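Notebook open, model loaded. I want to go through the surface, the helix packing and the charged pairs.

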Amino acid sequence: MKGGLGYLRSLLQPEMMVTGLKVSALVGTVLFAINHGSALIQRKMDRSRWISAGVTYLIPYLVSVHGQYTSETRKKN
């Protein structure tokens, strides 16, 4: 699997998903607390903040899987 298509496929590979989800949970929660914690406590989470919160968890997942994919690709070459 080369290029972007290989990366996209790796997003759903169980071996990479496990690590990606762990990283996403940890890093995403820290970032969520930093960026949205006070709004959550004050009950001021609106639609756009919830969308942003979702992205807060999505990005660490994508980055983690990308790192794993890049590492595996380099090992094969």
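**Surface patch**

I looked for nonpolar patches and found one on the surface made of V23, L26, V27, V30, L31 and I34, with about 500 Å² of accessible area together. For patches I take residues with over 30% relative accessible area and no salt bridge, joining nonpolar side chains (Val, Leu, Ile, Met, Phe, Trp, Tyr) within 5 Å and like charges within 9 Å. Areas are Shrake-Rupley with a 1.4 Å probe, and for residues only the protein chains shown count as cover.

This is a predicted model, so I note that local features need pLDDT of at least 70 and side-chain atom pairs pLDDT 80 or more, while totals for chains, interfaces and linings use all residues. Numbering runs from 1 along each chain as its sequence is written, and side-chain values use heavy atoms, without hydrogens or water.

L26 counts as exposed because its relative accessibility is 60% (exposed is over 50%, buried under 20%, partly exposed in between).

**Charged pair**

How many salt bridges does a search of the whole structure find? One: E72 with K75, closest N and O atoms 3.6 Å apart (the cut-off is a Lys or Arg side-chain nitrogen within 4 Å of an Asp or Glu carboxyl oxygen). Both residues lie in helix α3, three residues apart, about one turn. I get E72 as partly exposed at 35% and K75 as exposed at 61%.

Definitions and conventions
Buried means under 20% relative accessible area, exposed over 50%, partly exposed in between (1.4 Å probe, protein chains only). Helices (H or I, at least four residues) and strands (E, at least two) are DSSP runs, numbered from the N terminus.
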